Amino acid sequence: MMAGRRRLLPCVGLGLFAVLLCWVWVSFASFSEDQLHFESSLEAADRAAFQPQSALSDMEFASISSYRGPGNFDRRRNKELPIILWWSGGLFPHFPGDTERIDCATSSCLVTSNRKVQLYKRTTSIIFYGTDFRAYEAPLPRLRHQTWALFHEESPMNNYILSHGPGIRLFNYTATFSRESDYPLTLQWLPSLEYLLEPVAVPLQEKNRLRHEGMAPVLYMQSHCDVPSDRDRYVQELMKYIEVDSYGKCLNNKPLPDHLEDTATATGEEPGFMNFVARYKFHLALENGLCPDYMTEKLWRPLHQGCVPIYRGSSAVADWMPNDHSVIIIDEFPSPKVLADFLKHLDENDDDYARYLEFKNHRSITNARLLEALETREWGVNDMSKPNYLNGFECYVCDQENARLAAERAYRKAPKTNRAPQPKMASNSHMGCPLPSAGYGDVRDLPADDGWLQIWPQDYWQSLDQAEGLESLIRHNESDPSLLWKHMQNIAVSRARGKH
Ligand SMILES: *[C@@H]1O[C@H](CO)[C@@H](O)[C@H](O)[C@H]1NC(C)=O
Ligand SMILES: *[C@@H]1O[C@H](CO)[C@@H](O)[C@H](O)[C@H]1NC(C)=O
């Protein structure tokens, strides 16, 4: 089951990778008064605490180029900086070599993927890539002085541990698709306002002509079929009442034209593919996992092209739409049949259909939340003049950690005049995706051997058990994460005895 999960970072085009290759920080932030005092506030005793310990020699760190962006006022040498450790392998870290100095808006840190530093005093934070986070591989024992940071921009289906309170609360800082997270990535798939306001790619007259030639009004294009949102079950029912052209592997009823075969699963913006899908009046846009604020290119692409999305995904999708009449929300219809009747009505009434595309006229973008979020986010998508959100979150963690260390020092020095820094941890609102439910109908009516039923609800509850197991490992100060299974068993036993 794990094998089917995506491991790669999604990109809008090749944008993120291109930006990852560009190490340059450009115009990141302004400076505050505080950091001017950064250097002087670092006491001699603190410096000693920051000395590298044996294994990571001066030499290793000496080889790091002391790269600076527009500059902060942090003049410490590399060996004095707090260390942030990337725990997840694979794509990370996203810089050459295993260690790099990062110079952020207010302070600097060393970032490394070298696990030798795990138990160092200077290692103040560990960052995890959500999709790769495994309770049985967690860095234990969890040291009191270390914070954990979670970067998870991908689908909730990739790791349901993070959707449970006991799982997400292990983290002190989060960057997820949820607007409630510390460093929200909610509009990660929306490059810009201009992307939304692009003129309609295929005029309505042309779409109507194609309809007369026998093209279906609705497009479905999906090749990842066994997913927690169980979308095929819904689409299959909808297909009974309205014509849908389905080109992907799921519910396929049409071959792709030869020239598009290679890009059947492309999420990119390849022009041949874009022109092909833009001809449809409606795009079925169902996310693979359902969670508030989880929205992907499936939603934004039809809005960009001037096709109307028929959407199921984030239950709060209306909060981010250009106006209150630009998306058809599946769950607002009592049944697939009622939805199909509504779509047929729009198909036959041009004025009613066209109303869904009125936002393409600049003045009708009325959603202040959307405008503000796009304007104020510090990271860019396909925008070399802004940091990408991965570097942005790393810097968020770095600045937070330096501020916390400074506050702890100040408190130690003068406990009467300074407040102890308050602990900070994530809450379930930073992800909190619900138990997967049947795409159509009642889960209790599904046969016991139903493929979806056998996988996803169990995966969800199993993830809760693992989250509780890891919590228990940490509480018992275990240093061997493979004891997870034993702790899970103990929890199950005491629960069965009614002690839990
Ligand atoms: C980080 O989170 C852990 C677990 O929730 C918590 O015990 C700890 O106090 C937090 N640390 C800080 C510095 O906030
Ligand atoms: C936790 O375990 C580590 C070694 O595994 C030990 O150094 C540390 O003192 C322990 N902490 C507590 C609070 O028992």
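Modeller: Keep in mind that this is a predicted model. Let's start with β2. This strand is mostly covered, with four of its five residues buried.

Biologist: How does β2 run relative to β3, parallel or antiparallel?
Modeller: Antiparallel, with five bridges joining β2 to β3. The two strands form a hairpin, and four residues lie between them.

Biologist: What stands opposite E100?
Modeller: V111, in β3.

Biologist: Zoom out. What is the strand order in the open sheet?
Modeller: The order is β2-β3-β1-β4-β5-β6. That makes six strands, and the pairing is mixed.

Biologist: Which strands stand at the edges?
Modeller: β2 (99-103) and β6 (173-176). Each has a single partner strand, so one side of each lacks a neighbour in the sheet.

Biologist: And what does the twist average from one strand to the next?
Modeller: It averages 20°.

Biologist: Now β4 and β5. How many bridges join them?
Modeller: Five. β4 covers residues 123-129, β5 covers residues 147-152, and the two run parallel. Within that pairing, I127 has A149 in β5 as its bridge partner.

Biologist: Which helix lies across β4?
Modeller: Helix α14, residues 389-413. It runs at about 155° to β4. It also lies across β1 (83-86), β2, β3 (108-112), β5 and β6.

Biologist: Take F151. What is it in contact with, leaving aside neighbours within four places in sequence?
Modeller: I127, F128, Y129, G130, A175, L390 and F393.

Biologist: Last topic, α15 and α16. At what angle do their axes cross?
Modeller: Roughly 105°, and the axes come within 8 Å. Helix α15 spans residues 451-475, and helix α16 spans residues 484-496. The two are therefore roughly perpendicular to each other.

Biologist: Which residues in α16 meet α15?
Modeller: L484, H487, M488 and I491. On the α15 side, they meet D465, Q466, E468, G469, L470, S472 and L473.

Conventions. Residues numbered from 1 in each chain as written. Chains lettered and ligands numbered in written order. Predicted model: local features only at pLDDT ≥ 70, side-chain atom pairs only at ≥ 80, totals over all residues. Pairing = 2+ DSSP bridges. Axes fitted to C-alpha atoms, helices over the stretch in contact; angles between N-to-C directions. Contact = placed C-beta atoms within 7 Å. Buried ≥ 20, exposed ≤ 12 C-beta atoms within 10 Å, placed from the backbone. Parallel < 35°, antiparallel > 145°, perpendicular 65-115°, else oblique.
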